[in-house]
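Colleague: I would like a close look at one part of this model, the aromatic pairing and what surrounds it. Please take me through it step by step.

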Amino acid sequence: MLSLNVNGKTVSVDAEPGTPLLWVLREQVGLTGTKYGCGVAQCGSCSVHIDGQLIRSCVMPVSAVAGKRITTIEGLSADASHPVQKAWVEFDVPQCGYCQSGQIMAAVALLRAKPKPTDKDIDDAMTNICRCGTYQRIRAAIHKAAGTAKGTGNGSVFHVVGDASGTAAIASNGPGRTPAGDA
Ligand code: FES
Ligand code: FES
């Protein structure tokens, strides 16, 4: 048995030491907000924090995090009131939603390291993949959470990105929805 600290609670799990943390979180701890995408540390859908640091849990052996502080999307706030979660809602960031818990965990880690990120900081740090292409809204929501958004109201998303192509990118997300069967 291994003892883990997940979202401030101590849980005991029966897992082989090399079992990826992602599977332990989902199947033994019952926290399914953290998603499986690629399984090889490429997409970021499995992102969680270990002692405040962003990691990809699909390649993290559970034995390596025993005794450390594990935070999942469920532990970010009790009622989706974290500033990043609120900005995600305000900017209607998710499309199918599958990647978004990982995106939010990455954004929280970014803002912890750089409270006032530039567009470049965001683009450099946010390496998670979104197959729905919500990147422009992700960037805008991060600026909102950081208090670095320019402009006000619904149009601010276009001003924040400082990129004329942003309008087209956002508009193109609408009708081209990806089936949400695996969300
Ligand atoms: S599932 Fe872990 S990075 Fe893709
Ligand atoms: S919203 Fe990112 S994969 Fe669909």
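**The aromatic pair and its setting**

Modeller: Start with Trp23, which counts as partly exposed because its relative accessibility is 31%. The cut-offs are these: buried means under 20% relative accessible area, exposed means over 50%, and partly exposed lies in between, with a 1.4 Å probe and protein chains only. Keep in mind that this is a predicted model, where local features need pLDDT of at least 70, side-chain atom pairs count only at pLDDT 80 or more, and totals for chains, interfaces and linings use all residues. Residues are numbered from 1 along each chain as its sequence is written, chains are lettered from A and ligands numbered from 1 in the order in which they are written, and side-chain values use heavy atoms, with hydrogens and water left out.

Now the partner. Rings of Phe, Tyr and Trp (its six-membered ring) pair if their centres lie within 6.5 Å; planes under 30 degrees apart are stacked, over 60 edge-to-face, and the rest tilted. That rule gives 1 aromatic pair. Trp23 and Tyr36 make it, with centres 5.1 Å apart and planes at 35°, hence tilted. Trp23 sits in helix H1 (residues 21–28) and Tyr36 in the loop between H1 and strand S3 (47–50), so the pair ties together parts 13 residues apart in sequence. Helices (H or I, at least four residues) and strands (E, at least two) are DSSP runs, numbered from the N terminus. Tyr36 is also partly exposed, at 35% relative accessibility.

Thr34 counts as buried, at 1% relative accessibility. Contact means heavy atoms within 4.5 Å. Not counting residues up to four places away in sequence, Thr34 touches residues including Leu22, Arg26, Val48, Thr72 and Ser101.

Next, helix H3 (residues 100–113), which holds Ala106. Ala106 is buried, with a relative accessible area of 3%. Leaving aside neighbours within four places in sequence, Ala106 contacts Leu54, Met126 and Asn128. Thr127 is 21 residues from Ala106 in sequence, and their C-alpha atoms are 8.5 Å apart.

Last, the whole chain. The protein chain has 7 helices and 5 strands. Their order along the sequence is β-β-α-β-β-β-α-α-α-α-α-α. Of its 183 residues, 44% are buried. Among contacts between residues at least 6 apart in sequence, 59% join residues at least 24 apart.
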